[in-house]
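Have the sequence and the 3D view open as you read.

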Amino acid sequence: MDGGLASRAKSRIKRGKDTRRAHKPGGTTRPVTLRRRVDDSRSRRTLKRAEALQQWRLDSFGSCPEPTTGEIADWFQNLNVLVSDACSGEAIRSGAALMKLKRLLFYGELGASEEATYLKAIHCSPLMERMCSFMHFENELREQCLELLCVLSYLPIQRDLVAEMFQQMVVQCLTEVVASSPPASAVKAMQILGSIATMHEKCHLLIHKSDAFRRICQRVVTCAELNNPIPKYASFAIMMITGGEELGQEINMMDFIPAAEMLMTGLSNAELHRDTLAHTAVAICNVTSPGPSASKAREMITESNLFLQMMRGLESIQDEEALLYLMRSIRYITTEKDILDELLEKGLARSLNVQMTRDGICSDLRRDLCEIANNLVMDSPPRLEILIKYNFLDIMGEYVMREDFSVKKMAVLVLANSAAVASDEIIRDYFANELIIKSFVKVLDSLDDAAAYYGVAGLNTILASGELTKQEWEDNHFAEMVEELGGRDGLDRLAIRENEDLSETAREVLNDFYDSKLDFENFPPT
(Lines give C-alpha, C1' and ligand atoms only; values in the text may rest on other atoms or scores of the structure.)
Protein backbone atom coordinates (compact mmCIF):
# COMPACT_ATOMS: atom_id res chain seq x y z
CA MET A 1 0.00 0.00 0.00
CA ASP A 2 2.97 2.31 -0.31
CA GLY A 3 2.77 5.48 -2.39
CA GLY A 4 -0.35 7.27 -3.57
CA LEU A 5 -2.25 10.02 -1.89
CA ALA A 6 -2.60 8.95 1.66
CA SER A 7 0.94 7.73 1.94
CA ARG A 8 1.80 11.40 1.65
CA ALA A 9 -0.76 12.68 4.09
CA LYS A 10 0.52 16.18 3.55
CA SER A 11 -0.49 16.28 -0.11
CA ARG A 12 -3.66 17.71 -1.48
CA ILE A 13 -6.35 15.66 -3.19
CA LYS A 14 -5.40 14.56 -6.67
CA ARG A 15 -7.57 16.09 -9.36
CA GLY A 16 -9.60 13.72 -11.48
CA LYS A 17 -11.07 13.94 -14.97
CA ASP A 18 -14.50 12.36 -14.67
CA THR A 19 -17.69 14.44 -14.59
CA ARG A 20 -18.41 13.89 -10.94
CA ARG A 21 -14.91 14.98 -9.94
CA ALA A 22 -14.49 17.88 -12.35
CA HIS A 23 -14.14 20.42 -9.55
CA LYS A 24 -10.80 21.66 -8.35
CA PRO A 25 -10.49 19.24 -5.42
CA GLY A 26 -11.29 16.52 -7.89
CA GLY A 27 -12.51 13.69 -5.69
CA THR A 28 -9.58 11.45 -6.61
CA THR A 29 -9.75 9.06 -9.48
CA ARG A 30 -6.87 7.34 -7.73
CA PRO A 31 -7.81 5.87 -4.36
CA VAL A 32 -6.43 7.18 -1.13
CA THR A 33 -3.72 4.82 0.11
CA LEU A 34 -2.11 4.32 3.47
CA ARG A 35 1.55 3.77 4.25
CA ARG A 36 1.63 0.32 5.78
CA ARG A 37 1.63 0.36 9.53
CA VAL A 38 4.48 -1.33 11.32
CA ASP A 39 3.73 -5.03 11.08
CA ASP A 40 3.99 -6.77 14.42
CA SER A 41 3.37 -10.22 12.94
CA ARG A 42 6.97 -11.37 13.15
CA SER A 43 7.36 -10.39 16.82
CA ARG A 44 4.02 -12.02 17.59
CA ARG A 45 5.01 -15.23 15.83
CA THR A 46 8.38 -15.25 17.60
CA LEU A 47 6.58 -14.97 20.92
CA LYS A 48 4.20 -17.76 19.93
CA ARG A 49 7.13 -20.02 19.07
CA ALA A 50 8.76 -19.27 22.44
CA GLU A 51 5.52 -20.11 24.26
CA ALA A 52 5.23 -23.37 22.34
CA LEU A 53 8.81 -24.31 23.22
CA GLN A 54 8.14 -23.72 26.90
CA GLN A 55 4.94 -25.75 26.78
CA TRP A 56 6.44 -28.87 25.18
CA ARG A 57 9.38 -28.61 27.58
CA LEU A 58 6.92 -28.88 30.46
CA ASP A 59 4.85 -31.55 28.71
CA SER A 60 7.88 -33.71 28.02
CA PHE A 61 9.74 -33.44 31.29
CA GLY A 62 7.37 -32.07 33.90
CA SER A 63 6.92 -35.55 35.41
CA CYS A 64 10.62 -36.39 35.39
CA PRO A 65 11.79 -37.00 39.01
CA GLU A 66 13.62 -33.97 40.36
CA PRO A 67 17.06 -34.87 41.75
CA THR A 68 18.38 -33.68 45.10
CA THR A 69 21.00 -30.95 45.35
CA GLY A 70 23.56 -33.59 46.35
CA GLU A 71 22.78 -35.71 43.30
CA ILE A 72 23.18 -32.72 40.99
CA ALA A 73 26.55 -31.82 42.52
CA ASP A 74 27.75 -35.43 42.30
CA TRP A 75 26.67 -35.83 38.69
CA PHE A 76 28.33 -32.61 37.62
CA GLN A 77 31.55 -33.54 39.40
CA ASN A 78 31.55 -36.89 37.59
CA LEU A 79 30.34 -35.51 34.28
CA ASN A 80 32.99 -37.19 32.13
CA VAL A 81 32.23 -40.56 33.75
CA LEU A 82 28.52 -40.13 32.96
CA VAL A 83 29.29 -39.29 29.35
CA SER A 84 31.58 -42.32 29.08
CA ASP A 85 28.91 -44.60 30.57
CA ALA A 86 26.31 -43.19 28.16
CA CYS A 87 28.58 -44.09 25.23
CA SER A 88 29.04 -47.68 26.40
CA GLY A 89 26.09 -49.15 24.53
CA GLU A 90 25.13 -51.42 27.42
CA ALA A 91 21.39 -50.91 27.73
CA ILE A 92 21.16 -50.53 31.51
CA ARG A 93 24.42 -48.62 31.97
CA SER A 94 23.88 -46.27 29.03
CA GLY A 95 20.21 -45.76 29.89
CA ALA A 96 20.97 -44.80 33.49
CA ALA A 97 23.73 -42.38 32.41
CA LEU A 98 21.52 -40.75 29.79
CA MET A 99 18.76 -40.32 32.38
CA LYS A 100 21.18 -38.61 34.77
CA LEU A 101 22.55 -36.33 32.03
CA LYS A 102 19.04 -35.33 31.10
CA ARG A 103 17.97 -34.61 34.69
CA LEU A 104 21.19 -32.73 35.41
CA LEU A 105 20.65 -30.39 32.48
CA PHE A 106 16.92 -30.02 33.05
CA TYR A 107 16.90 -29.46 36.81
CA GLY A 108 20.48 -28.38 37.51
CA GLU A 109 19.96 -24.66 36.84
CA LEU A 110 23.45 -24.54 35.41
CA GLY A 111 25.08 -21.17 34.90
CA ALA A 112 26.64 -20.15 31.59
CA SER A 113 30.10 -21.52 32.44
CA GLU A 114 28.72 -24.76 33.90
CA GLU A 115 26.47 -25.19 30.88
CA ALA A 116 29.47 -24.71 28.58
CA THR A 117 31.43 -27.34 30.55
CA TYR A 118 28.49 -29.74 30.24
CA LEU A 119 28.16 -29.23 26.49
CA LYS A 120 31.89 -29.49 25.81
CA ALA A 121 32.00 -32.80 27.67
CA ILE A 122 29.40 -34.15 25.25
CA HIS A 123 30.82 -32.41 22.19
CA CYS A 124 34.32 -33.75 22.79
CA SER A 125 33.04 -37.30 23.16
CA PRO A 126 31.43 -39.66 20.62
CA LEU A 127 28.09 -39.44 22.47
CA MET A 128 26.14 -37.72 19.66
CA GLU A 129 27.25 -40.39 17.18
CA ARG A 130 26.48 -43.15 19.69
CA MET A 131 23.00 -41.76 20.30
CA CYS A 132 22.36 -41.81 16.54
CA SER A 133 23.18 -45.50 16.49
CA PHE A 134 21.05 -46.16 19.59
CA MET A 135 18.03 -44.50 17.91
CA HIS A 136 17.92 -47.12 15.17
CA PHE A 137 16.40 -49.59 17.64
CA GLU A 138 12.99 -49.50 19.24
CA ASN A 139 13.80 -49.70 22.91
CA GLU A 140 14.05 -47.62 26.08
CA LEU A 141 17.55 -46.48 25.15
CA ARG A 142 16.20 -44.69 22.10
CA GLU A 143 13.66 -42.85 24.23
CA GLN A 144 16.39 -41.72 26.64
CA CYS A 145 18.46 -40.45 23.71
CA LEU A 146 15.50 -38.53 22.28
CA GLU A 147 14.68 -36.96 25.65
CA LEU A 148 18.28 -35.84 26.19
CA LEU A 149 18.34 -34.30 22.71
CA CYS A 150 15.06 -32.57 23.53
CA VAL A 151 16.62 -30.88 26.54
CA LEU A 152 19.77 -30.00 24.59
CA SER A 153 17.72 -28.43 21.81
CA TYR A 154 16.00 -26.14 24.26
CA LEU A 155 19.13 -24.57 25.78
CA PRO A 156 18.70 -20.78 25.62
CA ILE A 157 22.32 -19.73 26.31
CA GLN A 158 24.93 -21.80 24.47
CA ARG A 159 23.22 -21.77 21.09
CA ASP A 160 26.39 -21.72 18.99
CA LEU A 161 27.86 -24.70 20.79
CA VAL A 162 24.61 -26.67 20.65
CA ALA A 163 24.34 -25.92 16.92
CA GLU A 164 27.78 -27.46 16.43
CA MET A 165 26.51 -30.65 18.09
CA PHE A 166 23.45 -31.04 15.87
CA GLN A 167 25.23 -32.00 12.68
CA GLN A 168 23.78 -33.52 9.51
CA MET A 169 24.00 -37.07 10.89
CA VAL A 170 21.84 -36.15 13.89
CA VAL A 171 19.27 -34.36 11.72
CA GLN A 172 19.11 -37.33 9.35
CA CYS A 173 18.67 -39.76 12.23
CA LEU A 174 15.85 -37.67 13.70
CA THR A 175 14.22 -37.53 10.25
CA GLU A 176 14.24 -41.33 10.08
CA VAL A 177 12.63 -41.52 13.52
CA VAL A 178 9.89 -39.13 12.33
CA ALA A 179 9.24 -41.21 9.24
CA SER A 180 9.12 -44.73 10.65
CA SER A 181 8.89 -44.82 14.43
CA PRO A 182 5.80 -45.20 16.63
CA PRO A 183 4.02 -41.93 17.55
CA ALA A 184 5.65 -41.67 21.00
CA SER A 185 9.13 -41.56 19.45
CA ALA A 186 8.15 -39.63 16.33
CA VAL A 187 6.71 -36.71 18.30
CA LYS A 188 9.93 -36.33 20.30
CA ALA A 189 11.95 -36.20 17.08
CA MET A 190 9.51 -33.59 15.72
CA GLN A 191 9.95 -31.52 18.87
CA ILE A 192 13.74 -31.59 18.51
CA LEU A 193 13.70 -30.67 14.82
CA GLY A 194 11.24 -27.86 15.46
CA SER A 195 13.27 -26.53 18.35
CA ILE A 196 16.66 -26.51 16.62
CA ALA A 197 15.14 -24.97 13.47
CA THR A 198 14.96 -21.58 15.16
CA MET A 199 17.98 -22.04 17.42
CA HIS A 200 20.67 -21.21 14.87
CA GLU A 201 21.01 -20.44 11.18
CA LYS A 202 23.25 -23.50 10.69
CA CYS A 203 20.58 -25.83 12.05
CA HIS A 204 17.87 -24.19 10.02
CA LEU A 205 19.85 -24.65 6.82
CA LEU A 206 20.61 -28.26 7.73
CA ILE A 207 16.93 -29.03 8.17
CA HIS A 208 16.03 -27.37 4.88
CA LYS A 209 18.69 -29.34 3.04
CA SER A 210 17.45 -32.56 4.63
CA ASP A 211 14.24 -34.49 4.13
CA ALA A 212 12.92 -33.52 7.56
CA PHE A 213 10.18 -31.08 6.58
CA ARG A 214 8.77 -33.38 3.93
CA ARG A 215 8.81 -36.36 6.30
CA ILE A 216 6.99 -34.41 9.00
CA CYS A 217 4.33 -33.29 6.52
CA GLN A 218 3.97 -36.83 5.14
CA ARG A 219 3.58 -38.25 8.65
CA VAL A 220 0.65 -35.88 9.19
CA VAL A 221 -1.01 -36.75 5.89
CA THR A 222 -0.68 -40.50 6.46
CA CYS A 223 -1.73 -40.31 10.11
CA ALA A 224 -4.74 -42.61 10.43
CA GLU A 225 -5.82 -41.20 13.79
CA LEU A 226 -5.72 -37.43 14.18
CA ASN A 227 -6.70 -37.88 17.81
CA ASN A 228 -3.14 -38.80 18.77
CA PRO A 229 -0.14 -36.59 19.62
CA ILE A 230 1.30 -36.48 16.09
CA PRO A 231 -0.83 -33.54 14.80
CA LYS A 232 -0.02 -31.40 17.83
CA TYR A 233 3.74 -31.88 17.67
CA ALA A 234 3.92 -32.02 13.88
CA SER A 235 2.16 -28.65 13.74
CA PHE A 236 4.65 -27.36 16.31
CA ALA A 237 7.60 -28.51 14.16
CA ILE A 238 6.05 -27.12 10.98
CA MET A 239 5.45 -23.79 12.71
CA MET A 240 9.06 -23.62 13.87
CA ILE A 241 10.61 -24.69 10.55
CA THR A 242 8.49 -22.28 8.51
CA GLY A 243 9.44 -19.56 10.99
CA GLY A 244 12.85 -19.08 9.43
CA GLU A 245 11.59 -16.94 6.57
CA GLU A 246 14.17 -14.27 7.41
CA LEU A 247 16.85 -16.72 6.22
CA GLY A 248 15.25 -16.79 2.79
CA GLN A 249 14.62 -20.54 2.77
CA GLU A 250 11.79 -21.55 0.49
CA ILE A 251 9.26 -23.98 1.90
CA ASN A 252 8.04 -26.76 -0.37
CA MET A 253 4.36 -25.83 -0.63
CA MET A 254 3.52 -29.19 -2.24
CA ASP A 255 4.42 -30.76 1.10
CA PHE A 256 3.04 -27.99 3.29
CA ILE A 257 -0.45 -27.54 1.87
CA PRO A 258 -1.74 -31.16 2.26
CA ALA A 259 -0.36 -31.29 5.80
CA ALA A 260 -1.94 -27.94 6.71
CA GLU A 261 -5.26 -29.08 5.23
CA MET A 262 -5.15 -32.21 7.37
CA LEU A 263 -4.19 -30.28 10.51
CA MET A 264 -7.08 -27.86 10.02
CA THR A 265 -9.73 -30.59 9.97
CA GLY A 266 -11.14 -33.49 11.90
CA LEU A 267 -9.54 -33.06 15.31
CA SER A 268 -11.79 -34.42 18.04
CA ASN A 269 -9.64 -33.88 21.12
CA ALA A 270 -10.37 -30.32 22.28
CA GLU A 271 -6.93 -29.62 23.77
CA LEU A 272 -5.05 -31.12 20.84
CA HIS A 273 -7.34 -29.24 18.49
CA ARG A 274 -6.62 -25.88 20.14
CA ASP A 275 -2.84 -26.22 20.09
CA THR A 276 -2.73 -27.76 16.62
CA LEU A 277 -4.96 -25.08 15.16
CA ALA A 278 -2.90 -22.27 16.70
CA HIS A 279 0.40 -23.78 15.51
CA THR A 280 -1.00 -24.36 12.00
CA ALA A 281 -2.35 -20.82 11.80
CA VAL A 282 1.09 -19.43 12.70
CA ALA A 283 2.71 -21.68 10.06
CA ILE A 284 0.31 -20.40 7.38
CA CYS A 285 1.12 -16.87 8.49
CA ASN A 286 4.83 -17.69 8.20
CA VAL A 287 4.64 -18.86 4.59
CA THR A 288 2.35 -16.03 3.43
CA SER A 289 4.20 -13.19 5.19
CA PRO A 290 6.30 -10.87 2.99
CA GLY A 291 9.34 -12.67 1.60
CA PRO A 292 10.98 -13.88 -1.62
CA SER A 293 8.62 -16.82 -2.12
CA ALA A 294 5.49 -15.34 -0.50
CA SER A 295 3.67 -14.51 -3.73
CA LYS A 296 3.94 -18.07 -5.01
CA ALA A 297 2.83 -19.47 -1.63
CA ARG A 298 -0.20 -17.18 -1.51
CA GLU A 299 -1.34 -18.17 -4.99
CA MET A 300 -0.92 -21.90 -4.27
CA ILE A 301 -2.89 -21.65 -1.04
CA THR A 302 -5.67 -19.74 -2.82
CA GLU A 303 -5.95 -22.48 -5.44
CA SER A 304 -6.14 -25.25 -2.82
CA ASN A 305 -8.77 -26.43 -0.37
CA LEU A 306 -6.68 -24.91 2.41
CA PHE A 307 -8.04 -21.45 1.66
CA LEU A 308 -11.61 -22.73 1.89
CA GLN A 309 -10.77 -24.24 5.27
CA MET A 310 -9.27 -20.94 6.38
CA MET A 311 -12.50 -19.14 5.46
CA ARG A 312 -14.57 -21.73 7.29
CA GLY A 313 -12.26 -21.22 10.23
CA LEU A 314 -13.09 -17.51 10.26
CA GLU A 315 -16.74 -18.42 10.67
CA SER A 316 -16.36 -21.15 13.29
CA ILE A 317 -13.11 -20.90 15.26
CA GLN A 318 -13.52 -19.41 18.73
CA ASP A 319 -9.85 -19.30 19.75
CA GLU A 320 -8.78 -15.67 19.27
CA GLU A 321 -5.10 -16.47 18.84
CA ALA A 322 -5.71 -18.86 15.94
CA LEU A 323 -8.16 -16.38 14.43
CA LEU A 324 -5.60 -13.60 14.58
CA TYR A 325 -3.01 -15.58 12.61
CA LEU A 326 -5.56 -16.81 10.08
CA MET A 327 -6.77 -13.24 9.59
CA ARG A 328 -3.21 -12.00 9.22
CA SER A 329 -2.56 -14.68 6.59
CA ILE A 330 -5.64 -13.66 4.64
CA ARG A 331 -4.49 -10.05 4.86
CA TYR A 332 -1.20 -11.05 3.26
CA ILE A 333 -2.98 -13.08 0.58
CA THR A 334 -5.23 -10.13 -0.35
CA THR A 335 -2.17 -8.07 -1.26
CA GLU A 336 -1.96 -10.19 -4.43
CA LYS A 337 -4.14 -8.12 -6.74
CA ASP A 338 -4.44 -10.77 -9.45
CA ILE A 339 -6.34 -13.19 -7.22
CA LEU A 340 -8.76 -10.84 -5.42
CA ASP A 341 -11.73 -11.64 -7.66
CA GLU A 342 -11.13 -15.35 -7.15
CA LEU A 343 -11.09 -14.87 -3.38
CA LEU A 344 -14.48 -13.17 -3.46
CA GLU A 345 -15.87 -15.90 -5.70
CA LYS A 346 -14.83 -18.40 -3.03
CA GLY A 347 -16.97 -16.53 -0.46
CA LEU A 348 -14.39 -14.44 1.37
CA ALA A 349 -16.77 -11.48 1.84
CA ARG A 350 -19.29 -13.67 3.64
CA SER A 351 -16.67 -15.13 5.96
CA LEU A 352 -15.30 -11.69 6.78
CA ASN A 353 -18.81 -10.41 7.49
CA VAL A 354 -19.31 -13.19 10.07
CA GLN A 355 -16.14 -12.10 11.83
CA MET A 356 -16.89 -8.38 11.57
CA THR A 357 -20.25 -8.73 13.26
CA ARG A 358 -18.95 -10.91 16.09
CA ASP A 359 -18.99 -9.27 19.50
CA GLY A 360 -15.88 -8.86 21.62
CA ILE A 361 -13.15 -9.43 19.03
CA CYS A 362 -9.86 -7.66 19.73
CA SER A 363 -8.61 -4.48 18.06
CA ASP A 364 -5.88 -6.38 16.19
CA LEU A 365 -8.51 -8.52 14.47
CA ARG A 366 -10.59 -5.46 13.59
CA ARG A 367 -7.55 -3.69 12.12
CA ASP A 368 -6.74 -6.70 9.97
CA LEU A 369 -10.37 -6.88 8.84
CA CYS A 370 -10.13 -3.23 7.78
CA GLU A 371 -6.88 -3.82 5.89
CA ILE A 372 -8.37 -6.81 4.08
CA ALA A 373 -11.41 -4.73 3.10
CA ASN A 374 -9.11 -1.96 1.89
CA ASN A 375 -7.08 -4.41 -0.23
CA LEU A 376 -10.27 -5.80 -1.76
CA VAL A 377 -11.85 -2.46 -2.66
CA MET A 378 -8.81 -0.78 -4.26
CA ASP A 379 -9.40 0.18 -7.93
CA SER A 380 -12.41 -2.12 -8.30
CA PRO A 381 -16.04 -0.92 -8.43
CA PRO A 382 -17.29 -4.52 -8.96
CA ARG A 383 -15.56 -5.72 -5.78
CA LEU A 384 -16.99 -2.73 -3.92
CA GLU A 385 -20.50 -3.81 -4.92
CA ILE A 386 -19.87 -7.27 -3.45
CA LEU A 387 -18.63 -5.75 -0.18
CA ILE A 388 -21.67 -3.47 -0.05
CA LYS A 389 -23.88 -6.54 -0.37
CA TYR A 390 -22.30 -7.84 2.85
CA ASN A 391 -22.79 -4.53 4.69
CA PHE A 392 -19.09 -3.59 4.82
CA LEU A 393 -19.73 0.17 4.59
CA ASP A 394 -22.03 0.34 7.60
CA ILE A 395 -19.68 -1.89 9.58
CA MET A 396 -16.76 0.42 8.75
CA GLY A 397 -18.89 3.39 9.78
CA GLU A 398 -19.63 1.77 13.12
CA TYR A 399 -15.93 1.09 13.60
CA VAL A 400 -15.18 4.78 13.06
CA MET A 401 -17.81 5.81 15.57
CA ARG A 402 -17.05 3.25 18.29
CA GLU A 403 -13.59 1.69 18.02
CA ASP A 404 -10.17 2.80 19.25
CA PHE A 405 -8.16 5.16 17.08
CA SER A 406 -6.00 2.58 15.28
CA VAL A 407 -9.16 0.80 14.07
CA LYS A 408 -10.96 4.07 13.42
CA LYS A 409 -8.16 5.31 11.15
CA MET A 410 -8.13 2.11 9.09
CA ALA A 411 -11.93 2.06 8.82
CA VAL A 412 -12.18 5.63 7.54
CA LEU A 413 -9.45 4.81 5.00
CA VAL A 414 -11.61 1.93 3.71
CA LEU A 415 -14.57 4.32 3.39
CA ALA A 416 -12.47 6.96 1.58
CA ASN A 417 -11.06 4.42 -0.88
CA SER A 418 -14.52 2.90 -1.39
CA ALA A 419 -16.01 6.31 -2.18
CA ALA A 420 -13.15 6.98 -4.61
CA VAL A 421 -14.11 4.00 -6.81
CA ALA A 422 -17.89 4.25 -6.37
CA SER A 423 -20.29 5.40 -9.09
CA ASP A 424 -22.51 8.43 -8.53
CA GLU A 425 -25.45 6.08 -8.03
CA ILE A 426 -23.63 4.15 -5.31
CA ILE A 427 -22.51 7.41 -3.67
CA ARG A 428 -26.14 8.53 -3.55
CA ASP A 429 -27.49 5.21 -2.27
CA TYR A 430 -24.77 4.14 0.19
CA PHE A 431 -22.49 7.05 1.10
CA ALA A 432 -24.76 10.10 1.32
CA ASN A 433 -26.24 9.08 4.68
CA GLU A 434 -25.79 10.12 8.27
CA LEU A 435 -23.51 7.25 9.37
CA ILE A 436 -20.98 7.54 6.54
CA ILE A 437 -20.87 11.34 6.50
CA LYS A 438 -20.49 11.43 10.28
CA SER A 439 -17.64 8.93 9.97
CA PHE A 440 -15.73 11.33 7.71
CA VAL A 441 -16.62 14.33 9.87
CA LYS A 442 -15.50 12.59 13.04
CA VAL A 443 -11.85 12.41 11.97
CA LEU A 444 -11.53 15.98 10.68
CA ASP A 445 -10.40 17.18 14.10
CA SER A 446 -7.97 14.28 14.55
CA LEU A 447 -4.44 15.28 15.51
CA ASP A 448 -3.31 12.60 13.06
CA ASP A 449 -2.95 14.44 9.74
CA ALA A 450 -3.41 11.25 7.70
CA ALA A 451 -6.72 10.42 9.40
CA ALA A 452 -7.94 13.99 8.90
CA TYR A 453 -6.93 13.76 5.25
CA TYR A 454 -9.01 10.60 4.76
CA GLY A 455 -12.00 12.50 6.14
CA VAL A 456 -11.49 15.38 3.70
CA ALA A 457 -11.03 12.95 0.80
CA GLY A 458 -14.27 11.14 1.63
CA LEU A 459 -16.29 14.32 2.03
CA ASN A 460 -14.83 15.73 -1.17
CA THR A 461 -15.99 12.68 -3.13
CA ILE A 462 -19.51 12.89 -1.71
CA LEU A 463 -19.73 16.65 -2.31
CA ALA A 464 -18.45 16.29 -5.90
CA SER A 465 -21.09 13.65 -6.60
CA GLY A 466 -23.68 15.92 -5.00
CA GLU A 467 -23.31 18.40 -7.85
CA LEU A 468 -25.53 16.06 -9.84
CA THR A 469 -28.36 16.58 -7.32
CA LYS A 470 -28.78 20.12 -8.64
CA GLN A 471 -30.97 18.55 -11.28
CA GLU A 472 -33.49 17.69 -8.54
CA TRP A 473 -32.71 20.43 -6.01
CA GLU A 474 -31.55 23.96 -6.62
CA ASP A 475 -28.41 23.45 -4.56
CA ASN A 476 -25.96 20.63 -3.87
CA HIS A 477 -28.13 18.51 -1.61
CA PHE A 478 -25.18 16.53 -0.27
CA ALA A 479 -23.46 19.78 0.70
CA GLU A 480 -26.47 20.62 2.85
CA MET A 481 -26.31 17.19 4.50
CA VAL A 482 -22.58 17.53 5.20
CA GLU A 483 -23.12 20.99 6.70
CA GLU A 484 -26.01 19.81 8.92
CA LEU A 485 -23.83 16.99 10.26
CA GLY A 486 -20.96 19.31 11.20
CA GLY A 487 -18.79 18.77 8.14
CA ARG A 488 -18.48 22.42 7.15
CA ASP A 489 -17.48 23.46 10.66
CA GLY A 490 -14.89 20.69 10.69
CA LEU A 491 -13.50 21.86 7.36
CA ASP A 492 -13.35 25.44 8.67
CA ARG A 493 -11.23 24.29 11.60
CA LEU A 494 -9.09 22.16 9.35
CA ALA A 495 -8.50 25.09 7.02
CA ILE A 496 -6.38 26.83 9.66
CA ARG A 497 -4.36 23.77 10.66
CA GLU A 498 -0.59 24.16 10.79
CA ASN A 499 -0.09 21.55 8.11
CA GLU A 500 -0.15 23.74 5.00
CA ASP A 501 -1.05 21.09 2.43
CA LEU A 502 -3.86 19.71 4.59
CA SER A 503 -5.26 23.17 5.35
CA GLU A 504 -5.06 24.20 1.69
CA THR A 505 -6.98 21.06 0.70
CA ALA A 506 -9.73 21.90 3.20
CA ARG A 507 -9.89 25.46 1.85
CA GLU A 508 -10.29 24.21 -1.71
CA VAL A 509 -13.21 22.02 -0.67
CA LEU A 510 -14.84 24.96 1.16
CA ASN A 511 -14.31 27.33 -1.76
CA ASP A 512 -15.64 24.88 -4.34
CA PHE A 513 -18.70 23.58 -2.52
CA TYR A 514 -19.58 26.30 -0.05
CA ASP A 515 -18.35 29.45 -1.89
CA SER A 516 -16.37 30.30 1.24
CA LYS A 517 -15.14 33.90 1.21
CA LEU A 518 -13.23 33.73 4.49
CA ASP A 519 -9.71 35.13 4.44
CA PHE A 520 -8.02 32.16 6.08
CA GLU A 521 -4.65 33.92 6.01
CA ASN A 522 -5.85 36.18 8.85
CA PHE A 523 -6.56 33.21 11.12
CA PRO A 524 -3.74 31.89 13.29
CA PRO A 525 -2.81 28.25 12.54
CA THR A 526 -3.86 25.59 15.04
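Start with glutamate 315, which pairs up with arginine 350 in a salt bridge, their closest N and O atoms being 3.3 Å apart. (A salt bridge here is a side-chain nitrogen of Lys or Arg within 4 Å of a carboxyl oxygen of Asp or Glu.) Glutamate 315 sits in helix H18 (residues 305-316) and arginine 350 in helix H21 (residues 348-356), so the pair ties together parts that are 35 residues apart in sequence. Helices are DSSP runs of H or I, at least four residues, numbered from the N terminus.

A word on the source: this is a predicted model, where local features need pLDDT of at least 70 and side-chain atom pairs count only at pLDDT 80 or more, while totals for chains, interfaces and linings use all residues. Residues are numbered from 1 along each chain as its sequence is written, and side-chain values use heavy atoms, leaving out hydrogens and water.

| Salt bridge | Closest N and O atoms |
|---|---|
| Glutamate 315 – arginine 350 | 3.3 Å |
| Aspartate 341 – arginine 383 | 3.2 Å |
| Aspartate 364 – arginine 367 | 2.0 Å |

Aspartate 364 and arginine 367 share helix H22 (residues 363-377), three residues apart, about one turn of the helix. Both are buried, meaning under 20% relative accessible area with a 1.4 Å probe, protein chains only (exposed is over 50%, partly exposed in between). By contrast, glutamate 315 is partly exposed at 28%, and so is arginine 350 at 39%.

In total, the structure holds 24 salt bridges. Arg328, Arg331, Asp368 and Glu371 are joined in a network of them.

Technical notes: Helices (H or I, at least four residues) and strands (E, at least two) are DSSP runs, numbered from the N terminus.
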